[in-house]
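I opened the model to look up ring pairs, charges, strands and cores. My notes follow in the order I took them.

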Amino acid sequence: QVQLAESGGGLVQAGGSLRLSCTASRRTFSSLALGWFRQAPGKPREEVAAVARGGGTRVNLDSAKGRFTISRDNAKNMVYLEMNNVTPEDTAVYYCAADFAGVLTTRPKYWGQGTQVTVSS
């Protein structure tokens, strides 16, 4: 079992930056593939970015490419999402997700509770 806990959400002005953090409860954190998803009101949940067990990253969301960066720190059991030049369209609940796999699947098994990000114009 893996417990994930997000932090770092909040209210930010358009053009600003925010860093989301997610900690995992498992000692074998390095065995996990991790990622960030988001869900805006009335829209389906979508993958934002993911980092593989080996450290390779992908940003799936076209609107996030060049603005968002995902990283992991195995020593601290942490995964981060650095969000720059945010826009009101980035307003959503952001979720941390994980799988015991080399690469995050499209339907991860483990989820955090989510953290709200609100971008004001």
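**Aromatic pairs.** I worked on a predicted model. I counted three aromatic pairs in it. I took Tyr-95 and Trp-111 to begin with: the ring centres are 6.3 Å apart and the planes stand at 85°, so I logged the pair as edge-to-face. Planes over 60 degrees apart count as edge-to-face. Tyr-95 belongs to strand E9 and Trp-111 to strand E10, so this contact ties together parts 16 residues apart in sequence. Tyr-95 is buried, at 13% relative accessibility. Trp-111 is partly exposed, at 30%.

I went on to Phe-100 and Tyr-110. Their centres are 6.0 Å apart with the planes at 85°, so this pair is edge-to-face too. Phe-100 sits in the loop between E9 and E10, while Tyr-110 is in strand E10, so the pair links parts ten residues apart in sequence. Phe-100 has a relative accessible area of 38% and is partly exposed. Tyr-110 has 9% and is buried.

I also noted a cluster: ring pairs link Phe-37, Tyr-95 and Trp-111.

**Charges over rings.** Which charged end sits over the ring of Trp-111? I found Arg-45 there, 4.6 Å from the ring centre. I logged another case at Tyr-80, where Arg-19 lies over the face at 4.3 Å from the ring centre.

**Salt bridges.** How many salt bridges does the rule give? I got five. I wrote down several of them.

Glu-46 and Arg-38 meet through their side chains at 3.0 Å, N to O. Is Arg-38 buried or exposed? I found it buried, with 7% relative accessibility. Its partner in this bridge, Glu-46, is partly exposed at 30%.

Arg-58 bridges to Glu-47, with the closest N and O atoms 2.8 Å apart. Arg-58 is in strand E6 and Glu-47 in strand E5, so the pair ties together parts eleven residues apart in sequence. Arg-58 is partly exposed at 27%, and Glu-47 is buried at 11%.

Lys-65 bridges to Asp-62, and here the closest N and O atoms are 3.2 Å apart. I read Lys-65 as partly exposed, with 49% relative accessibility. Asp-62 reaches 59% and counts as exposed; the cut-off for exposed is over 50%.

I then looked for shared partners. Arg-38, Glu-46, Arg-67 and Asp-90 are joined into one network by such salt bridges.

I looked up Ser-63 next. It lies in the loop between strand E6 (57-59) and strand E7 (68-73). Ser-63 is partly exposed, at 40% relative accessible area.

**Strand E9.** Why did I note E9 (residues 92-99) as largely enclosed? Seven of its eight residues are buried, so the rest of the structure largely encloses it. I then listed the pairings of E9. Strand E4 (residues 33-39) runs antiparallel to E9 and is joined to it by seven bridges. There, Arg-38 stands opposite Tyr-94. Strand E11 (residues 115-120) pairs with E9 in the antiparallel sense over three bridges. In that pairing Val-93 faces Gln-116 as its opposite residue. Strand E10 (residues 110-111) is joined to E9 by two bridges, again antiparallel. Ala-97 stands opposite Trp-111 there.

**Open sheet.** I traced an open sheet of four strands, in the order E1-E3-E8-E7, with antiparallel pairing. Strand E1 (4-7) and E7 are its edges, and each pairs on one side only. From one strand to the next, the twist averages 15°. I checked E1 against strand E3 (residues 18-24) and found four bridges, antiparallel. Ser-7 stands opposite Ser-21 in E3.

**Nonpolar cores.** Which residues have the most contacts inside the largest nonpolar core? I found Trp-36, Val-48, Leu-81 and Tyr-94, in a core of 30 residues. At least two residues of this core come from each of E3, E4, strand E5 (46-51), E7, strand E8 (78-83), E9 and E11. I also logged a second, separate core of six residues, among them Ala-33, Phe-37, Ala-50 and Leu-104.

Technical notes: Residues are numbered from 1 along each chain as its sequence is written. This is a predicted model: local features need pLDDT of at least 70, side-chain atom pairs count only at pLDDT 80 or more; totals for chains, interfaces and linings use all residues. Side-chain values use heavy atoms; hydrogens and water are left out. Buried means under 20% relative accessible area, exposed over 50%, partly exposed in between (1.4 Å probe, protein chains only). Two strands pair if DSSP finds at least two bridges between them. Axes are lines fitted to C-alpha atoms, for helices over the stretch in contact, and angles run from 0 to 180 degrees between N-to-C directions. A nonpolar core is a set of buried Ala, Val, Leu, Ile, Met, Phe, Trp, Tyr and Cys residues joined through side-chain atoms within 4.5 Å. Rings of Phe, Tyr and Trp (its six-membered ring) pair if their centres lie within 6.5 Å; planes under 30 degrees apart count as stacked, over 60 as edge-to-face and the rest as tilted. A charge sits over a ring if NZ of Lys or CZ of Arg is within 6 Å of the ring centre and within 35 degrees of the ring normal. A salt bridge is a side-chain nitrogen of Lys or Arg within 4 Å of a carboxyl oxygen of Asp or Glu.
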